[in-house]
Amino acid sequence: MGSRVSIRSTGWSPPSSRFRVARIDPVLSCAITINGATAWASTHWRGVLIAAIIALAAQFIANTYGAPAMLFALLIGMAFTFLDAEEKTAPGIAFAARSLLRIGVALLGLQLTFADISQLGALAMIGVAALLATTLAFGALSARLAGAPVALGLLTGGSVAICGASAALAISAILVPRHAAEKDVLVTVVGVTAFSTIAMILYPVIFASLGFSEIQSGYLVGATIHDVAQVVGAGYSISEDAGDIATFTKLLRVALLPIALLAIALSFRQEAGGTLRLPWFVVAFILLMLLGNLVPLPETLLVWIGEATRFLFLTAIAALGMKTSLGSLFQTGKRGIALIAVQSLFLLGCALVVARYALV
């Protein structure tokens, strides 16, 4: 009897009771997780849904009229700026503008194919890498000379040098908010999309008048026009071979995006206490790029992921539009548009030299 009392006084309990607690803990943990997710969804779903609907509308209009979908998503989003001040929709809009954007950047890695890029040859690859590096450096320099933040020059220069609006969104996700205001991102998207469309029309005519061959013209189209769709349109308007070369050249520029992101993250490492801390989506971008090239994935899956990536970007742009008024965009965006114009001309001039003397 005494021993039983002594054992109970020490806090000992039968093994079966401990097992009952062990079975209950995961259930409680799961319930807490579900409740937290439900609470998050209840405050975010409205804003995300509205941004997604705007993205669908923008894609429909773009498919109907053949215009850039991102531009429509931005403009339609600006018509709903009042929703960013609403308590029920603001959290979801902020989530779509930031988190969905970063997920889209990560998924871009699956769209890069080393096999296609390698067909360009070593000299052409070196030329594209040099053009990218010099345009980024010129972007920072031109911003400094214009009295603008270096971050704005890297944002506009990266969009010009790499892949237009997609690069602008990826670079903006690297920069801390006080270096890349939302209105700067939107101005860059609008400006680089407009210049890319103009280049699609004018560049093939310019290259032909300068006496460049189809090979050289294809290379120039892929090395200078900003967005992928416009590169394809301009390249194949010259010839089939020029279109193939333009597409391969453009793919190489896109493949250099993670290197550019690493360089920009390194340049702003002081924001992280002097150490380089790569954002999770950059790491995911690199890992997915390696996965897509080392592991054979179903073509259907890659096509589906590509469509999902574009939709995430459209949704993010729509959300960014809802966070920026049209008046303030044009009032403060003149400097960004001017930088894009100067940097586009710089890239074109450098590419003409490379095509003339480095390509036969």
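Leu-287 is exposed, with a relative accessible area of 53% (exposed means over 50%, buried under 20%, partly exposed in between; 1.4 Å probe, protein chains only). Leu-287 lies in helix 14 (residues 280-294); helices are DSSP runs of H or I with at least four residues, numbered from the N terminus. The model is predicted: local features need pLDDT of at least 70 and side-chain atom pairs pLDDT 80 or more, while totals for chains, interfaces and linings use all residues. Residues are numbered from 1 along each chain as its sequence is written, and side-chain values use heavy atoms, without hydrogens and water.

Together with Val-283, Leu-290, Leu-291, Leu-294 and Val-295, Leu-287 makes a nonpolar surface patch of about 510 Å². Such patches join nonpolar side chains within 5 Å, from residues with over 30% relative accessible area and no salt bridge.

One salt bridge is counted, a salt bridge being a side-chain nitrogen of Lys or Arg within 4 Å of a carboxyl oxygen of Asp or Glu. Arg-310 pairs with Glu-307, the closest N and O atoms being 2.7 Å apart. These two residues are three apart in helix 15 (residues 299-322), about one helical turn.

| Residue | Relative accessibility | Class |
|---|---|---|
| Arg-310 | 40% | partly exposed |
| Glu-307 | 45% | partly exposed |
| Ala-260 | 2% | buried |

Ala-260 is found in helix 13 (residues 257-267).

Helix 6 (residues 122-145) and helix 17 (residues 334-358) pack at about 150 degrees, with axes 10 Å apart. They are therefore roughly antiparallel (angles over 145 degrees).

Note on methods:
Patch = residues over 30% accessible without salt bridge, like charges linked within 9 Å, V, L, I, M, F, W, Y side chains within 5 Å. Areas by Shrake-Rupley, 256 points an atom, 1.4 Å probe, with all protein chains shown as cover. Axes fitted to C-alpha atoms, helices over the stretch in contact; angles between N-to-C directions. Parallel < 35°, antiparallel > 145°, perpendicular 65-115°, else oblique.
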